[in-house]
Amino acid sequence: MKLEQTSRRRNLGIIAHVDAGKTTVTERILFFTGRIHRAGEVHTGDTAMDFDPEERQHGITIQSAATTVAWRDHALTIIDTPGHIDFNLEVRRALRVLDGAVMVFDGVAGVEPQSETNWRLADEYRVPRIAFINKLDRRGADFDRVCREMESRLQARVMPLQLPLVSGESLEGVIDVLRGVVIRWTDESGLNPVEEPVSAELQSAVAMARQKIVELAVELEESSVDRYLAGERIGLEELRALIRRGTMAGTFVPVLCGSALKNRGIQPLLDAVVDYLPAPEDRAALADEKAGPASLSALVFKIADNGSFGSRTIVRLYSGGLKPGQLLENSRTGRTERVSRLFRQQAGREEEMESAVAGDIVALAGLKDTRTGDTLGLPGKVTELERIHIPEPVTTQVIESDNREHKERLSAALAKLVRADPALRLAVNATTGQLEISGMGELHLSVLREKLERQLGTPLRMGRPQVAYKETITRAAETAWRHRKQGGGPGQFADLTLRIEPLERGAGIVFESRISGGAIPSEFIPAVEQGIRARAAAGLVRGAPVTDFRTVLLDGKTHPNDSSALAFQIAGRDAMDALLCEAGAVLLQPVMRVTVTAPEETTGAIMGDLTRRRGLVTGQSALSGAAVIQARAPLAGMFGYIGDLRSLTSGRAGFTMEFHGYEPVV
């Protein structure tokens with residue numbers, strides 16, 4: 001297959017709640033497409049996609065991994081993403097650059113909390129998707145119930161293209177509703193499925209299922225509706241074209257089924273990826289209207305350091321072509337860097353490439369000053385693409401080594417990991433001088449420590465998890481501030497009028513200059529902002545960073561000899577200090593969205609425990625004989641929750657927790 005044939009490419013993610021079978025689905029895809037000769041298992045730690053030592057130790061996906069396979073003369077670039085909420089940034093940045101997704105659901109557990117989170121992210125990035133209901137060989141699995149949950153909890157318009165053929169607890173095959181045939185797997189390998197006619201007792205159910213598909217599909221085209229109402233049969237190829245069109249538009253979601261662990265349903269899933277998910281060219285208009293067809297435009301969505309390979313900058317190329325030796329300009333820095341080598345990633349391996357074209361997801365070597373979210377383009381012709389939203393870390397821990405010789409190496413290793421994972425923040429405690437690392441949760445930071453210990457070859461000590469508090473203001477304030485310093489040498493003079501205003505949660509820090517008539521020279525204005533941001537980083541109430549405010553530089557004065565950028569930076573810092581005292585600074589705490597699934601008889605005890613942790617129960621529902629409790633609770637009260645929950649329910653409950661937002665401490 002030639003690289004220029006972008007219509008024969010699919011860039012897709014495999015996405016799911018943790019333990020829904022996502023990595024097992026990906027592993028079977030690699031096996032059935034011939035990329036690997038034996039499918040690995042998550043529980044034995046030998047999967048191709050979870051190649052990181054920490055992933056194999058924990059039995060979960062921690063970092064997204066890409067590979068490219070061939071199916072029906074198409075190249076499918078697949079990104080396997082984590083299911084645990086602590087690593088959800090990997091899902092977010094994958095969805096930003098992908099053209100489609102396969103959402104995997106557990107046939108027993110149904111639509112789980114992280115499934116909902118990932119579905120909302122796919123909606124946010126307008127990513128077309130198909131659904132695969134997995135684990136239908138297990139006791140309690142129910143294909144129809146999961147479809148109903150998709151409709152009620154995800155507001156999805158589902159289109160089941162298959163029906164499971166179940167005998168007892170055995171999934172014997174699937175019914176292809178469009179073609180009216182049974183696909184049956186007769187051996188454990190799943191390599192040689194056979195097709196047979198639908199039995200007489202199932203023909204009525206299959207006919208009704210096909211009618212529903214046709215009715216949904218023909219709505220997309222008025223002429224098709226007219227022909228259908230006139231009694232004309234809609235042909236198979238026309239139906240497929242309409243389903244593809246509706247899938248790409250997000251009108252409905254095709255649903256397939258199987259059991260990845262038992263090698264059931266993977267080949268039809270691959271067919272559906274080719275038939276219904278978009279090619280890069282189908283998504284070009286949605287990706288970015290600014291990127292012209294002839295210009296080079298690439299978005300950095302990940303920085304990876306795979307040990308012996310060195311640092312790699314992973315990009316999605318939206319337009320133009322790319323070759324080794326090419327100079328690229330970074331829209332954020334304005335500087336240029338040269339691409340030394342070009343690779344296609346194959347999970348833990350790399351394949352060197354001579355060139356890349358629009359639609360490719362590739363790894364670049366040689367770039368040192370790039371970050372997640374940067375746009376790369378030709379020098380003088382780069383146009384910035386929409387950046388990737390990076391969530392704020394909510395948990396902080398001190399990290400240190402007992403070995404003094406390793407302290408410098410620890411700082412360098414941490415800086416490298418923070419560059420690769422923008423959900424991490426590294427700081428030095430101003431009082432103790434200790435290194436503090438902030439991340440998305442206890443598991444996130446625990447995995448970080450394990451990775452560092454493996455790299456450095458020495459044990460590390462981490463303090464107790466601490467909440468990453470923030471501060472904000474509650475009212476507007478204004479001050480006129482003059483900084484004047486006279487000594488034996490040149491003096492310092494800066495005069496400014498500054499206003500501060502509260503903004504909505506998540507707005508961050510906004511600086512605005514309304515200076516006119518040259519009251520403050522333009523070269524001094526950035527220094528004022530630097531002083532403001534430096535003071536905001538230290539906070540007022542508890543030393544936590546101040547956020548969600550706007551400062552407006554209204555007026556100022558300069559001295560012909562004593563004014564400088566340094567003087568205005570100091571004035572901005574000191575004026576900000578005065579404003580914080582007047583603007584009603586308050587402490588903000590991270591509040592989490594908590595979902596607990598437990599036996600119904602333990603509901604009262606769980607709700608009481610959540611209330612004790614200052615949580616607020618927001619909803620309750622039933623799911624397969626269990627109670628599902630939704631709540632919002634301050635993170636400060638949720639450390640160690642899993643142990644208490646197991647004690648309350650004799651180990652029969654589970655929970656998920658994700659960041660909801662920052663709210664004032666009361």
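**Entry 1. Ground rules**

I am working on a predicted model, where local features need pLDDT of at least 70, side-chain atom pairs count only at pLDDT 80 or more, and totals for chains, interfaces and linings use all residues. I number residues from 1 along each chain as its sequence is written, and side-chain values use heavy atoms, with hydrogens and water left out.

My helices (H or I, at least four residues) and strands (E, at least two) are DSSP runs, numbered from the N terminus. I call two strands paired if DSSP finds at least two bridges between them.

**Entry 2. Strand 22**

Strand 22 covers residues 395-400, and five of its six residues are buried. For burial I use relative accessible area: buried is under 20%, exposed is over 50%, and partly exposed is in between (1.4 Å probe, protein chains only).

I then listed the partners of strand 22. With strand 24 (residues 435-439) I found antiparallel pairing over four bridges, and Thr395 stands opposite Gly439 there. With strand 25 (residues 461-462) the pairing is also antiparallel, over two bridges. Strand 26 (residues 466-467) is joined to strand 22 by two bridges and runs antiparallel to it; Thr396 faces Gln466 in that pair.

I traced an open sheet of eight strands in the order 16-15-21-12-13-20-17-18, with antiparallel pairing. Its edges are strand 16 (336-338) and strand 18 (349-352), each of which pairs on one side only. From one strand to the next the twist averages 40 degrees. For such angles, axes are lines fitted to C-alpha atoms, for helices over the stretch in contact, and the angles run from 0 to 180 degrees between N-to-C directions.

Phe343 has Glu352 of strand 18 as its bridge partner. Helix 3 (residues 88-97) packs on this sheet and touches strand 12 (297-305), strand 13 (311-319) and strand 20 (361-365). The direction of helix 3 makes about 150 degrees with that of strand 12. Contact here means heavy atoms within 4.5 Å.

I found another open sheet, of four strands in the order 28-29-31-30, with mixed pairing. The edge strands are strand 28 (477-485) and strand 30 (509-513), each pairing on one side only. Neighbouring strands of this sheet are turned by 25 degrees against each other on average, direction ignored. Strand 29 (residues 492-502) and strand 31 (residues 549-557) run antiparallel and are joined by eight bridges. In that pair Ile500 stands opposite Thr551.

Helix 13 lies across strand 29, strand 30 and strand 31, at about 155 degrees to strand 30. Helix 14 lies across strand 28, strand 29 and strand 31, at about 35 degrees to strand 29.

How do helix 13 and helix 14 meet? The axes of helix 13 (residues 525-538) and helix 14 (residues 565-582) come within 7 Å and cross at roughly 40 degrees. That makes the two helices oblique to each other; angles under 35 degrees count as roughly parallel, over 145 as roughly antiparallel, 65 to 115 as roughly perpendicular and the rest as oblique. The crossing is right-handed. I call a crossing left-handed if the near helix is turned anticlockwise from the far one by less than a right angle, and right-handed if clockwise. The contact includes Gly531 and Arg535 of helix 13, and Phe568 and Met576 of helix 14.

**Entry 3. Helix 6 and helix 8**

I compared another helix pair. Helix 6 (residues 200-218) and helix 8 (residues 236-249) have axes that come within 9 Å and cross at roughly 60 degrees, and they are therefore oblique. This crossing is left-handed. Arg210, Ile213, Val214, Ala217 and Val218 of helix 6 meet Leu239, Leu242 and Ile243 of helix 8.

**Entry 4. Cysteines**

I looked for disulfides, defined as pairs of cysteine sulfur atoms within 2.5 Å, and found zero. For Cys257 the nearest cysteine sulfur is that of Cys147, 8.4 Å away. Cys257 counts as buried because its relative accessibility is 0%. Cys581 is exposed, with a relative accessible area of 52%.
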